[in-house]
Amino acid sequence: QHDGYKTASQLLANCQGYAGFCPPGACKFRQNGPPSLVSLSDGSCSMLVPYIWSEIPANNKVPNNLEPHTGWEYIIATPDLSAAHGFLINLFAEIETSYSVPYDWNHPASTLNYDWVLAL
């Protein structure tokens with residue numbers, strides 16, 4: 001989410017628009033290490049999930065475009081048995097760091113993601 005606070009319907013529209021930018025086979029998205037999870041006193045769960053993604057092949061035609069893109073998805077979710085996956089997202093934010101190397105923030109010495117990134 002690169003353009004500020006969004007309501008649920010606006011966030012859905014952002015996601016749908018982004019899906020048009022990265023149709024199947026055009027981009028690769030991966031979780032970049034284990035998430036950091038914290039149970040909050042109100043029963044909700046705070047999640048900080050590292051990610052890595054790139055266009056296929058990596059796009060070097062856009063000035064200052066660093067690929068792969070890395071960052072974090074920050075999510076606060078509340079248990080909701082009526083939801084498809086058992087949780088309702090209350091807050092979602094993206095923290096993009098865009099380092100041009102695959103980096104696992106939770107395990108900095110890890111090289112597990114290097115092979116697929118080098119293949120781009």
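**Entry 1: exposure of a phenylalanine**

I start with a cut-off: buried means under 20% relative accessible area, exposed means over 50%, and partly exposed lies in between. I keep in mind that this is a predicted model. I looked up phenylalanine 21 and found 45% relative accessibility, so phenylalanine 21 counts as partly exposed. Its place in the fold is helix 1, which covers residues 8-21.

I then asked myself which residues form a nonpolar patch on the surface. I found Tyr18, Phe21 and Phe29, with about 300 Å² of accessible area together.

**Entry 2: the disulfide**

A quick reminder to myself: a disulfide is a covalent bond between the sulfur atoms of two cysteines. How many does the structure hold? I found one disulfide. It joins cysteine 22 to cysteine 27, and the S to S distance is 1.9 Å. I noted -60° about the S-S bond, and the link of cysteine 22 and cysteine 27 is left-handed. Are these two cysteines buried or exposed? Cysteine 22 and cysteine 27 are both buried.

**Entry 3: the core**

Next I wanted to see which residues make up the largest nonpolar core. I listed five residues: Cys45, Met47, Val49, Ile75 and Ala77. Strand 3 (45-55) and strand 4 (69-79) are the elements that give two or more residues to this core. Strand 3 gives the most, with three residues.

I checked one member, cysteine 45, and it counts as buried because its relative accessibility is 17%, where the cut-off is under 20%.

Last, I looked at the contacts of valine 49. Leaving out residues up to four places away in sequence, valine 49 touches Gln31, Pro35, Gly71, Trp72 and Glu73.

Technical notes
Residues numbered from 1 in each chain as written. Predicted model: local features only at pLDDT ≥ 70, side-chain atom pairs only at ≥ 80, totals over all residues. Heavy atoms only, no water. Patch = residues over 30% accessible without salt bridge, like charges linked within 9 Å, V, L, I, M, F, W, Y side chains within 5 Å. Areas by Shrake-Rupley, 256 points an atom, 1.4 Å probe, with all protein chains shown as cover. Salt bridge = Lys/Arg side-chain N within 4 Å of Asp/Glu carboxyl O. Helix = DSSP H or I, 4+ residues; strand = E, 2+ residues; numbered from the N terminus. Buried < 20%, exposed > 50% of the residue type's maximum accessible area, 1.4 Å probe, protein only. Disulfide = S-S within 2.5 Å. Core = buried A, V, L, I, M, F, W, Y, C linked by side-chain atoms within 4.5 Å. Contact = heavy atoms within 4.5 Å.
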